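I opened this entry to set down what I looked up in the structure, in the order in which I went through it.

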Amino acid sequence: MFSILLLDTNASFSTTFASLLRHSGYRVEVDQDQTEVVALHEANPFDLFLLGLPNAELANTVLKALPQVKVILLLPADEGSSTPFLEVPHSVPVFHKPFRTEEILAAIYATLINEGVPNGTG
């Protein structure tokens, strides 16, 4: 069973999406404190971080702190394509809210099951 850390400041989204992931067979921990990501991972390593972060700068900070962790980023719609993501590796899927649930589930599956296949393609 894969373990996922779901970090998102929107409690309603976190609760609903965590429930869906658990129903799909994943072990999920939910947190809303963005400053605790590294400590949470060190205490209990996760297979994947699903990070709903408020901006690209915070995403880059997390990616630098935990380069070995698989990550899927969920960013606000106002962080559009003009936002610089120079430090985000190409293999990290990035979705802008609003997104379709099935797109995120497919990205999770591709990231965890089809390891080494960037963005689930190939």
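Against which elements do the buried residues of α3 pack? Before answering I noted the terms of the model: it is predicted, local features need pLDDT of at least 70, side-chain atom pairs count only at pLDDT 80 or more, and totals for chains, interfaces and linings use all residues. Residues are numbered from 1 along each chain as its sequence is written, and side-chain values use heavy atoms, with hydrogens and water left out.

**Helix α3.** I found that the buried residues of α3 pack against α2 (37–43), β3 and β4, where contact means heavy atoms within 4.5 Å. Helices (H or I, at least four residues) and strands (E, at least two) are DSSP runs, numbered from the N terminus. I then listed the buried residues of α3, which spans residues 56–65, as Ala56, Ala59, Asn60, Val62 and Leu63. Seen down the axis of α3, these buried residues fall within an arc of 160 degrees, so they line one face of the helix; the arc is that of the directions from the helix axis to the C-beta atoms. On the face turned away from the buried side I found the exposed residues Glu57 and Lys64. Here buried means under 20% relative accessible area and exposed over 50%, with partly exposed in between (1.4 Å probe, protein chains only).

**The chain.** I noted four helices and five strands, which run β-α-β-α-β-α-β-β-α from the N terminus on. Of the 122 residues in the chain, 41% are buried.

**The sheet.** The five strands form an open sheet in the order β2-β1-β3-β4-β5, with parallel pairing; two strands pair if DSSP finds at least two bridges between them. I saw that β2 (27–31) and β5 stand at the edges with a single partner strand each, so one side of each is left without a neighbour in the sheet. Neighbouring strands are turned by 15 degrees against each other on average, direction ignored; axes are lines fitted to C-alpha atoms, for helices over the stretch in contact, and angles run from 0 to 180 degrees between N-to-C directions.

I followed the pairings across the sheet next. Strand β1 (residues 3–8) is joined to β3 by five bridges, and aspartate 8 has glycine 52 in β3 as its bridge partner. Five bridges also link β3 (residues 48–52) with β4, where phenylalanine 49 is partnered by valine 71. Between β4 and β5 (residues 94–96) I noted three bridges, with leucine 75 opposite histidine 96. Strand β4 itself, residues 70–75, is mostly covered, as five of its six residues are buried.

Helix α1 (residues 11–23) lies across β1, β2, β3 and β4, and runs at about 165 degrees to β1.
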